[in-house]
Amino acid sequence: MSDTSLTVTFVGAGLGSRGVHCPNVDRLPEVAMISVYEPDEERLDRVANPYEFSWVYPHHLEMVEKADPDGVYCVTNEQWSLGSVLDCLDDGKYVFIERELYT
């Protein structure tokens with residue numbers, strides 16, 4: 001396994017994160033998934049436990065500030081994604097966006 005060269009965090013722990021992005025990013029040895037933000041505790045547990053995120057946060061701003069990732073996956077419903085995306089971009093992060101249709 002190679003050394004980790006990128007760190008990423010996740011905003012949203014719905015089906016898109018759990019079923020698509022986390023499993024695929026987890027397969028990349030050079031990328032470390034370090035933290036996740038999700039206000040719904042049940043959804044948070046469904047993604048935080050299997051992937052053993054180092055940190056979980058109550059707000060995406062706190063997560064981006066404290067975890068200081070290279071990139072952020074914003075996989076949320078369109079109603080909530082714009083604020084998170086703009087905040088992460090303002091902080092100079094690379095942002096991956098997917099609209100979450102299902103939970």
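Gly-71 sits opposite Tyr-94 of strand S5, with strands taken as DSSP E runs of at least two residues and helices as H or I runs of at least four, both numbered from the N terminus. This is a predicted model, in which local features need pLDDT of at least 70 and side-chain atom pairs count only at pLDDT 80 or more, while totals for chains, interfaces and linings use all residues. Residues are numbered from 1 along each chain as its sequence is written, and side-chain values use heavy atoms, with hydrogens and water left out.

Gly-71 also has a counterpart in Val-8, which stands opposite Gly-71 in S4. Six bridges tie S4 to S5, and these two strands run parallel. Four bridges link S4 (residues 71-76) to S1 (residues 6-11), again in parallel. Strands count as paired here if DSSP finds at least two bridges between them. Put together, the five strands make an open sheet in the order S3-S2-S1-S4-S5, with parallel pairing. S3 (55-57) and S5 (94-99) are the edge strands, each with a single partner, so one side of each lacks a neighbour in the sheet. Neighbouring strands are turned against each other by 25° on average, direction ignored; angles run from 0 to 180 degrees between N-to-C directions, with axes fitted as lines to C-alpha atoms, for helices over the stretch in contact.

Helix H4 (residues 78-90) packs on this sheet and touches S1, S4 and S5, contact meaning heavy atoms within 4.5 Å. The direction of H4 makes about 170° with that of S4.

What about burial in S4? Six of the six residues of S4 are buried, so the strand is largely enclosed by the rest of the structure. Buried stands for under 20% relative accessible area, exposed for over 50%, and partly exposed for what lies in between (1.4 Å probe, protein chains only). Both faces of S4 are covered, with Gly-71, Tyr-73 and Val-75 buried on one side and Val-72, Cys-74 and Thr-76 buried on the other.

Val-11, in strand S1, is buried as well, at a relative accessible area of 2%. Leaving aside residues up to four places away in sequence, Val-11 touches Tyr-37, His-60, Met-63, Val-72, Tyr-73, Cys-74, Val-75, Thr-76 and Ser-84. One of these, His-60, is 49 residues from Val-11 along the chain, yet their C-alpha atoms are separated by 6.6 Å.

His-60 also turns up in the packing of two helices: His-60, Leu-61 and Val-64 in H3 meet Gly-83, Ser-84, Asp-87 and Cys-88 in H4. The axes of H3 (residues 60-67) and H4 come within 10 Å and cross at roughly 25°. The crossing of H3 past H4 is right-handed, meaning that the near helix is turned clockwise from the far one by less than a right angle, with anticlockwise giving left-handed.

Next come the aromatic rings. Rings of Phe, Tyr and Trp (its six-membered ring) pair if their centres lie within 6.5 Å; planes under 30 degrees apart count as stacked, over 60 as edge-to-face and the rest as tilted. The count by this rule is three aromatic pairs. Phe-10 and Phe-53 form an edge-to-face pair, at 5.9 Å centre to centre and 75° between the planes. This pair links distant parts of the chain, 43 residues apart, with Phe-10 in strand S1 and Phe-53 in the loop between helix H2 (41-51) and S3. Both Phe-10 and Phe-53 are buried.

Tyr-73 and Phe-96 have ring centres 4.5 Å apart and planes at 15°, so this pair is stacked. Here too distant parts of the chain are linked, Tyr-73 in S4 and Phe-96 in S5 being 23 residues apart. Tyr-73 is buried at 13% relative accessible area, whereas Phe-96 is partly exposed at 39%. Ring pairs join Phe-10, Phe-53, Tyr-73 and Phe-96 into a cluster.

Finally, some backbone angles. Glu-52 is not a glycine, although its phi is positive at about 50°. Glu-52 lies in the loop between H2 and S3 and counts as exposed at 66% relative accessibility. Asp-68, another residue other than glycine, has a positive phi near 50° and is found in the loop between H3 and S4.
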